[in-house]
Amino acid sequence: MKKKKTIEEARRYVDNAKKVLNENTKVDPETGFYEDPKYVRAAGNYLWLGVLIALEAVFHVEENKKDKKGKGSRVSVNDYTAAISKRDEKLLDWVNNGYLLMHLSMNYDGIQDKKVCNQGFQLANTIIDRCAMMLPKTA
């Protein structure tokens with residue numbers, strides 16, 4: 001049985017990203033860059049996973065495509081953006097930018113600029129907060 005994705009779990013990933021940076025690398029005061037790109041990559045990965053968990057809590061995108069062998073494929077960012085585009089254009093812009101910033105720039109490229117990383121954290125929190133507002137209120 002799959003665990004239900006929650007906003008609290010998404011926020012935990014953001015906290016883990018912050019912890020990874022704070023405990024493992026420092027910012028060079030002269031350049032404003034984190035000293036070790038390894039931990040920037042890890043933080044970017046945690047941030048993006050937190051965003052995906054929040055999106056899953058709201059949009060419930062399923063593995064629905066079948067390949068030539070009849071097996072289901074992984075959910076892609078395109079599956080999420082297609083679902084988001086039907087409900088919230090502002091969220092769609094944030095997710096598209098978040099993909100570029102957190103997943104590609106931080107995670108893959110290891111961009112070490114603290115200002116860029118700070119934007120990643122801000123954007124992740126914005127997306128998660130928006131998803132939290134979209135969930136139905138429980139009693």
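**Exercise 1.** Which residue caps the N-terminal end of H3?

*Solution.* First, the ground rules: this is a predicted model, where local features need pLDDT of at least 70, side-chain atom pairs count only at pLDDT 80 or more, and totals for chains, interfaces and linings use all residues. Numbering runs from 1 along each chain as its sequence is written, and side-chain values use heavy atoms, with hydrogens and water left out. Helices here are DSSP runs (H or I, at least four residues), numbered from the N terminus. Now look at Ser-76: one of its side-chain oxygens sits 3.1 Å from the backbone nitrogen of Asn-78, and that makes Ser-76 the cap.

**Exercise 2.** Find the buried residues of helix H3 and what they pack against.

*Solution.* Step one: take buried as under 20% relative accessible area (1.4 Å probe, protein chains only). In H3, residues 77–85, that picks out Asp-79, Tyr-80, Thr-81, Ala-83 and Ile-84. Step two: these residues pack against helix H2 (37–59) and helix H4 (89–108).

**Exercise 3.** Why does Asn-107 count as buried?

*Solution.* Asn-107 lies in helix H4. It counts as buried because its relative accessibility is 15%. Next, list its contacts (heavy atoms within 4.5 Å). Skipping neighbours within four places in sequence, Asn-107 touches Arg-41, Gly-44, Asn-45 and Met-102.

**Exercise 4.** Describe how H4 packs with helix H5.

*Solution.* Two packed helices are described by the angle between their axes and the distance between the axes. For H4 and H5 (residues 114–134), that's about 140° and 9 Å. The residues making this contact include Trp-94 and Leu-101 of H4, plus Leu-123 and Ile-127 of H5.

Note on methods. Buried < 20%, exposed > 50% of the residue type's maximum accessible area, 1.4 Å probe, protein only. Helix = DSSP H or I, 4+ residues; strand = E, 2+ residues; numbered from the N terminus. Polar contact = N/O pair within 3.5 Å; in protein donor to acceptor, adjacent residues only side chain to side chain. Axes fitted to C-alpha atoms, helices over the stretch in contact; angles between N-to-C directions.
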